[in-house]
Amino acid sequence: QLQLVESGGGLVQPGGSLRLSCVASGFSLDYYAIGWFRRAPGKEREGVACISISDRTNYADSVKGRFTISRDNAKHTVYLQMSSLKRDDTAVYYCAAVRPPYGSSWSSLGVSEYDSWGQGTQVTVSS
């Protein structure tokens, strides 16, 4: 059974850093595009970063230059390194996976594109 488990969330001060991890089990990451998403209080879930099978990445404008997505297939893990955190980054962060429909360079920030989701990890940016 395909499963994703996020970890690494917590409370951090503005300007601080966190690294989120998404561990996959029941399937091989080698064949999946992965996305990181977040849902802030009162808002819709939105795409933050995504990575293709061929390690091609894409970011939401709001996090470009601050967040980095990476994958280690041997460890069955995808990471989201978050730096220069802002209060607006406060949200529940989710990872998601999908077999790419358009080849190894494909990934997407679209919520509806993904069919397997983790339970989420809370990130709170506050002083």
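Predicted model: local features only at pLDDT ≥ 70, side-chain atom pairs only at ≥ 80, totals over all residues.
Asp55 sits in the loop between strand E5 (46–51) and strand E6 (57–59). Check its backbone: phi of Asp55 is near 70 degrees, a positive value in a residue other than glycine. Is Asp55 buried or exposed, or in between? Asp55 counts as partly exposed, because its relative accessibility is 46%.

Now go to His76. This residue is in the loop between strand E7 (67–72) and strand E8 (77–82). His76 is not a glycine, yet it has a positive phi of about 55 degrees. With a relative accessible area of 37%, His76 is partly exposed.

Next stop: the aromatic rings. How many aromatic pairs does the structure hold? There are seven. Select Tyr94 and Trp117 together. Their ring centres are 6.5 Å apart and their planes stand at 75 degrees, so this pair is edge-to-face. Tyr94 lies in strand E9 (residues 91–98) and Trp117 in strand E10, so the pair ties together parts that are 23 residues apart in sequence. Tyr94 is buried, at a relative accessible area of 7%. Trp117 is partly exposed, at 25%.

Move on to Tyr102 and Trp106. The centres of these rings are 6.3 Å apart and the planes are at 65 degrees, so this pair is edge-to-face. Tyr102 is exposed, with a relative accessible area of 66%. Trp106 counts as buried, at 13% relative accessibility.

Now widen the selection. Pick Phe37, Tyr94, Tyr102, Trp106, Tyr114 and Trp117: ring pairs link these residues into a cluster.

Which part of Tyr94 does Arg45 lie over? Arg45 lies over the face of Tyr94, at 3.9 Å from the ring centre. Then select Arg99 and Tyr32. Arg99 lies over the face of Tyr32, at 5.6 Å from the ring centre.

Last stop: Ser116. Find Ser116 in strand E10 (residues 116–117). Why does Ser116 count as buried? Its relative accessible area is 14%, and the cut-off for buried is under 20%. Show the side chains here. The side chain of Ser116 makes a polar contact with the side chain of Asp115, at 3.5 Å. What else is Ser116 in contact with, leaving aside its neighbours within four places in sequence? Select Leu2, Leu4, Cys95, Ala96 and Ala97: Ser116 is in contact with each of these residues.

Technical notes: Residues numbered from 1 in each chain as written. Heavy atoms only, no water. Helix = DSSP H or I, 4+ residues; strand = E, 2+ residues; numbered from the N terminus. Buried < 20%, exposed > 50% of the residue type's maximum accessible area, 1.4 Å probe, protein only. Polar contact = N/O pair within 3.5 Å; in protein donor to acceptor, adjacent residues only side chain to side chain. Contact = heavy atoms within 4.5 Å. Phe/Tyr/Trp six-rings, centres within 6.5 Å; stacked < 30°, edge-to-face > 60°. Lys NZ or Arg CZ within 6 Å of the ring centre and 35° of its normal.
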